[in-house]
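The sequence and the structure are shown first.

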Amino acid sequence: MTSILRSDVAGPGAPRARSGPPEGRSPRWGWITVGLVAPAALLTVAVQIYPTLYSFYLSFGTVSAGTVTPVGLDNYRWLLTSARFWQSVAVTLVYGVAFVVITFVLALALALVFNTQFRGKAFYLTVIFVPWILSEITSGVIWRWMFLRDYGFLQELLGPLFGDVTVLATPVGALAVLVVANVWKSVAFALLLILAALQTISREIDEAARLDGAGAWRRLRSVTLPLIRPTLTVVIAFMAIQSVNAIGMVMSVTEGGPGSSTEILSLFMYRQAMDFGKLGVGSAVGVVMFFVNLVFALTYLRALNRQSELGGR
Amino acid sequence: MNIRARASVPALLAALALGLTGCSGGGAGDAGDTITVWGTWDMEDEASGMAEGSVALREMIEDYEAETGVTVVYEHVPFDQLFSKVSLAVQSGGDVPDVVEVASQEVFSRPDVFRDITAELADAEFVAQVGDAERASCVRDGVRRCVAVNIGSTAWYYRAADLDGVAWPTTDAEWLTVGEQLKAQGKYVASFYAGRDVAGVEQTWAPLIISAGGEIFDADGQPAWANAATVTVVDWMRRLLMNGYIPETNFTGDFAAGEQPFIDGAAVGLRGGSWSAQFVPQLSEGLASGEVLVGAAPSIAGGPGHVTLYGQGWAVPEGAANPQRATEFLAYLMTPSNQAKWAAAAFRIPTNALAFEDPAFAEVYAENEAFYSAIQEQADTVGITMPTSPCYTEGLTRLGETLQELMLDVEADAMAALSSVQDEVAGSCR
């Protein structure tokens, strides 16, 4: 696997970075290296690796009064036969696909617009970024209030489309509001990544395509998108990870309701562990989510490497 | 493996570090002189309906500290988080408080979390002074796991004048008739909270299901709500909702949304609790003036209408550092004068019979006699306590979600949905 730390990233003509210790000073240099890396490594072990491994351990047991009793694969067996778990998986999939697709398309469209020059560009960009800096809970409460019965202005506006019931009280409406609220919050970050990638494309390339007779759509499809593909993959992987782990917005907007129609996997895990006291089952869900995240994370890292390779040419 | 043993390693290192740097925890005395208390009363609250109760508790704590020399470290935890926080702390072997406030029905759903304090309190004076409601709240099978400083009860209120000469409906059939009459005047019969959580089931659904002859958990604590009585109640509620006799927000809103139609005057009645006068100003004013009355709970399919009883419990979690001082503090809370102070401040009914004679409560009782006597009579005659179950929280949460789904999808097969979730919870109830 290639690494973003490869010494040839700066280009074939660049001098190769020294990768080993200074000649004649290797033992001391080695201890300095260990000393510099150790704090970060210890911190990573303490707050990431140990808790992750411990969750794996807990997923094979039940916890009571501080004691873990091994139960083998029981927690996983229960998950596989739980209709509620599979419903959460399905809700997460629908929510995740809708969130990623809409965020991606909207961010790409906005990035293309912001890659041109127009009056008030900085102002509009700032406006789009405001939701991104708000906390998930604050954003969620804002969206919940906008759909309050008798008081929320969006409820008044959209209520008739849902048979005049509270929009958040309908499974479709609640899921749609969640998706829109998360897109509203996340699109700025995706926009930033794509815009940065677009600005690395040389004007000459676009100009050359134009001279060859390519229209705007053709240039976008055949020139722009292929050149920023690694960034687009990063954006999609990042958004996918975000959708699997989303919980703050869900808790503050719908709390998983109506019924359990918006109980995504992360909320299912939280409720099993925290509300129902089943730390073992909650950990088992966490392990499942870990592997789902791992797939997206590997895709993300691979795309990052690809991006850095292209950036170096 | 013992999590506490693992947790003690960093604690030991921290202690060593403190020792090496010459730090010591002076001032607080030894652990025997301090107890930590987690409660839902916010000591900094000076504005909400709970403020008077908070002041009463603060004064009790100050008096206790002055009398005993024990330092009480109080921590406010929101009511909807307290039970899960303390359960998780005990379960994972973390730091637990010495005393915790807990709704009585939750105590027996997690006997592994709360200490058996029968022996420690066997000789306490209050034990001979409290009534059946207190024992029903905190003692099961001869084991005491909490003390209930007062009893609260769900209650149905109505504005008599808004009924326009019609009597408050007491049966399921009367609700439909009166609902139609009030609808013609643009009013709902009643608003209430029947949301998708534990409280929604405890306060609204459970009394109705039990009135119809059904049950929520069986004698072994296993889920048993998939019965004909529950379906009868669901069908009745659906008719009320579909005909526009009750607002949709009863099922989709939060506590406040369940009260708002009554506050606005859009609903004639309100299912609240004996405590609601703290939170709904129109209610306390109406009760004082006689404009608002306490009505009977709905009787379903000929059964008696029920109200749900809550003991405002205080318990000692397993793993508490100072259990002896903790039980002494519980006994202190149960004295007649303290119960009187608290009940007077928070519209509750004391569990200690002697508290009724205390001037602090006797005066308030006399001023609100109609309210207190009606609530007390209902508590004595039709009050129910929630059954014990090892899957109490999960069961009621999942049942609440299912009932909400059934109300929002009136075509759905109620028995099939109830059976499905009953089977699922039963499968995980271990």
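What percentage of the 430 residues in chain B is buried? Buried residues account for 51% of them. The structure is a predicted model, and every value in this report was computed from that model.

## Overall form of chain B

Chain B contains 18 helices and 12 strands. Along the principal axes, its C-alpha atoms fill a box of roughly 80 × 50 × 40 Å. The radius of gyration of chain B is 23 Å, which agrees with a compact globule, because a globule of 430 residues would have a value near 22 Å.

Contacts across the sequence can be described as well. Among the contacts in chain B with a separation of 6 or more, 74% are between residues 24 or more positions apart.

## Domains of chain B

The domain assignment divides chain B into domain 1, made of residues 32–151 and 310–384, and domain 2, made of residues 154–306 and 387–428. Taken over C-alpha atoms, the centres of domain 1 and domain 2 of chain B are separated by 27 Å.

Between these domains, 15 residues of domain 1 of chain B are in contact with 19 residues of domain 2 of chain B. On the domain 1 side of this contact, helix H16 (residues 369–382) of chain B gives the most, with four residues. The side of domain 1 of chain B that touches domain 2 of chain B comprises 10 nonpolar, three polar and two charged residues.

## Strand E10 of chain B

Is strand E10 (residues 307–315) of chain B mostly covered or mostly uncovered? The strand is mostly covered, with nine of its nine residues buried. Burial applies to both faces of E10(B): one side carries Val307(B), Leu309(B), Gly311(B), Gly313(B) and Ala315(B), and the other carries Thr308(B), Tyr310(B), Gln312(B) and Trp314(B).

E10(B) pairs with several strands. Strand E3 (residues 99–103) of chain B is antiparallel to E10(B), with four bridges, and within this arrangement Glu101(B) has Trp314(B) of E10(B) as its bridge partner. Strand E6 (residues 147–159) of chain B also runs antiparallel to E10(B), joined by five bridges; here Ile151(B) stands opposite Gly311(B). With strand E12 (residues 383–384) of chain B, the pairing of E10(B) is parallel and has two bridges, and Val307(B) stands opposite Gly383(B) in E12(B).

## Helix H9 of chain B

Helix H9 (residues 228–242) of chain B has 15 residues. From its first C-alpha to its last, H9(B) reaches 21 Å, close to the 21 Å expected at 1.5 Å a residue. Just after H9(B), Gly244(B) takes a positive phi of about 80 degrees.

Which residues of H9(B) are buried? They are Thr230(B), Thr232(B), Val233(B), Val234(B), Met237(B) and Leu240(B). The elements that cover these buried residues include helix H7 (172–184), helix H8 (198–211), helix H17 (392–408) and helix H18 (414–428) of chain B.

## Chain A and its domains

Chain A has 13 helices and two strands, and its C-alpha trace spans about 60 × 60 × 30 Å along the principal axes. Of its 313 residues, 34% count as buried. Residues 24 or more positions apart provide 70% of the contacts in chain A that have a separation of 6 or more.

The domain assignment of chain A gives domain 1 (26–58) and domain 2 (76–312), with 32 Å between their centres, taken over C-alpha atoms. Four residues of domain 1 of chain A are in contact with six residues of domain 2 of chain A. The domain 1 side of this contact consists of two nonpolar, two polar and no charged residues.

## Contact between the chains

How many residues of chain A are in contact with chain B? There are 23 such residues in chain A, and they contact 29 residues of chain B. Strand E1 (61–64), strand E2 (67–70), helix H3 (83–114) and helix H12 (265–275) of chain A each supply at least two residues of the side that touches chain B. By class, this side of chain A has 11 nonpolar, nine polar and three charged residues.

Methods
Residues are numbered from 1 along each chain as its sequence is written. Chains are lettered from A and ligands numbered from 1 in the order in which they are written. This is a predicted model: local features need pLDDT of at least 70, side-chain atom pairs count only at pLDDT 80 or more; totals for chains, interfaces and linings use all residues. Two residues are in contact if their C-beta atoms, placed from the backbone, lie within 7 Å. Ala, Val, Leu, Ile, Met, Phe, Trp, Tyr, Cys and Pro count as nonpolar, Asp, Glu, Lys and Arg as charged, and the others, Gly among them, as polar. Domain bounds come from an automatic or database domain assignment. The radius of gyration is taken over C-alpha atoms; the globule rule is 2.2 Å times the number of residues to the power 0.38. A residue is buried if 20 or more other C-beta atoms lie within 10 Å of its own, exposed if 12 or fewer, and partly exposed in between; C-beta atoms are placed from the backbone. Two strands pair if DSSP finds at least two bridges between them. The expected span of a helix is 1.5 Å times one less than its number of residues.
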